[in-house]
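Please prepare a short briefing on the structure shown below.

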Amino acid sequence: MRAKRKSEPQSVNFSRRSVLKTLAIGSAIFAAPALKAKEQINNCQLTYDKAINFLGEHQAGVLTPEQKNASFIAFNVTTTSIEELQTLFTILTQRIAYLTQVQKAASTSNDKMPPAESGILGTLLQPDSLTITVSLGNSLFDSRFGLDKIKPHYLVEMTSFPNDRLEEKWCGGDIALQICANSQESVIYALRDILRNTGQLWFPLWKIDGFLPSRDIDQRTTPINLFGFKDGTGNAPTNDAALMNELIWITAENKEPAWCAGGTYQAVRLIRFNLEFWDRTPLEDQENDFGRHKSTGAPIGMKHENDDPSFEKDPHGDRILFDSHMRRAEPRNPERYTAKLRRRSYSYSLGLTESGVLDMGLIFVSYQKNLKTGFIDTQKRLNGEPLERYIKPFGGGYYFVLPGVQSAKNNLAQGMFEALKQA
């Protein structure tokens, strides 16, 4: 048996010390980011008390920066009384004014009765950047109330485009609500409150919930859709009031009934994505279909999301294909903002279709002062685009967004009812 050398135990001990020291240093290195992240979480004060002013010339939720969550719900009114219809808008105004401010939940004096509200937000009711945008469908302007005499000029029923497969149960409605906040529970709370206070005057026709990536909203970057591409890059800057009056808001100079000033038109399109097919599509094809790099959102051949695509330097469509979504949607010929609208879209997830594939896609929402030069003309340019292989619109509608409420003494649609009396 070989005798142990005196130096061997020392060598073994040294190795152990080295290993332990290395492990200790390594643990500290790996623990540092985790500790820092934990410290950041502990120091992070989440607040839900941000209130977006309900009063103003225009309704909130049009130019308002996108919140994380949304619900879109359309109703048909059950009353044929103009007085009861007016009551509906009065109640809506009161509830929106209440819900968009910090409140303390009301207590009930009768313990045998249900609470005055759902209780899902606790006793301190924080608005969480809530906006509730009210719009009117073409069907409201029929003979029931005589509103056909003062109908917004461009408001029509949404009809099919070649790639559509519209389902009646997902289309239209007399009145539509867009409810947005930074948490789904805030959206649900607001919706339940409105239904509880107005349920006898209308009934829900269709409803769909939307969401945006939290990291994009928190970091104030352009939201990414379920195809993995940025959605809304081409929007005009909302801080340019003159441009917003040109593209979005109806003014006194426009060919509209006077009561429409301060309003806008809303196009809502429910679009199902074929995600399984898309996920098998090569990256080059995906980018060519959009005309943008997937990782950055930059036009193909450029580096940054907001770089000019320089179509004039690509007259044959060699770099950005003529059939690409961005080039068809906004060819920038003869001017910038060829698509005279503002996108404010959300992703949706409804589970599975009857054929067992993911029922997910986009709640496309756009706002424009003229439906024809806004959404309709833009969609006509997009007809036949390669992206149609992966999408199938199935619902939505065209609506007129009411002007804002400029004083606590006024109500939504007040100008419309006053105009009706004079018609």
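Over the ring of which residue does the charged end of R95 sit? The charged end of R95 sits over the ring of Y98, 4.6 Å from the ring centre. A charge is said to sit over a ring if NZ of Lys or CZ of Arg is within 6 Å of the ring centre and within 35 degrees of the ring normal.

The model is predicted, so that local features need pLDDT of at least 70 and side-chain atom pairs count only at pLDDT 80 or more, while totals for chains, interfaces and linings use all residues. Residues are numbered from 1 along each chain as its sequence is written, and side-chain values use heavy atoms, with hydrogens and water left out.

**The largest pocket**

- The largest pocket holds about 1,300 Å³ of space. On a 1 Å grid over the protein atoms alone, a pocket is an open set of points with protein on both sides within 12 Å along at least five of seven lines, whereas a cavity is a set of points where a 1.4 Å probe fits but cannot get out; lining residues have an atom within 4 Å of a point. Grid points are joined across faces, edges and corners, and a volume is the space filled by probe spheres set on the points.
- The pocket is lined by 42 residues, and P65, E66, D216, I217 and R220 are the closest to its centre.
- Two or more lining residues come from each of α4 (214-218), β8 (342-343) and β9 (346-352), and α4 gives the most, with 3 residues. Helices (H or I, at least four residues) and strands (E, at least two) are DSSP runs, numbered from the N terminus.
- By class, the pocket lining has 13 nonpolar, 16 polar and 13 charged residues. Here Ala, Val, Leu, Ile, Met, Phe, Trp, Tyr, Cys and Pro count as nonpolar, Asp, Glu, Lys and Arg as charged, and the others, Gly among them, as polar.

**Cavities**

- The whole structure contains 4 cavities of 30 Å³ or more.
- The largest cavity has a volume of about 770 Å³. Its lining comprises 43 residues, and H325, A329, R343, F364 and L382 lie nearest its centre.
- Helix α9 supplies the largest share of this lining, 4 residues. The lining of the largest cavity divides into 20 nonpolar, 12 polar and 11 charged residues.
- The second largest cavity has a volume of about 90 Å³. Among the residues lining this cavity are Y98, L99, L121 and Y189.
- The lining of the second largest cavity has 8 nonpolar and 4 polar residues, and no charged ones.

**Aromatic pairs**

- A search of the whole structure finds 21 aromatic pairs. Rings of Phe, Tyr and Trp (its six-membered ring) pair if their centres lie within 6.5 Å; planes under 30 degrees apart count as stacked, over 60 as edge-to-face and the rest as tilted.
- F227 and F290 form an edge-to-face pair, 6.3 Å centre to centre with 70 degrees between the planes. F227 lies in the loop between α4 and α5 (241-247) and F290 in helix α7 (residues 283-290), 63 residues apart.
- F227 counts as buried because its relative accessibility is 3%, and F290 is buried at 10%. Buried means under 20% relative accessible area, exposed over 50%, and partly exposed in between (1.4 Å probe, protein chains only).
- F364 and F375 form a tilted pair, 5.6 Å centre to centre with 45 degrees between the planes. F364 belongs to strand β10 (residues 358-368) and F375 to helix α9 (residues 372-382).
- F227 and F290 also belong to one aromatic cluster with F229, F273, F277, W278 and Y390.

**Salt bridges**

- The count comes to 17 salt bridges, each being a side-chain nitrogen of Lys or Arg within 4 Å of a carboxyl oxygen of Asp or Glu.
- D359 forms a salt bridge with R272, the closest N and O atoms being 2.9 Å apart. D359 is in strand β10 and R272 in strand β7 (residues 264-273), 87 residues apart.
- The charged end of R272 also sits over the ring of F394, 4.2 Å from the ring centre.
- R336 and E330 form a salt bridge with a closest N to O distance of 2.4 Å. R336 is partly exposed, with a relative accessible area of 32%, whereas E330 is buried at 11%.
- R95 is linked with D193 and R196 in a network of salt bridges.
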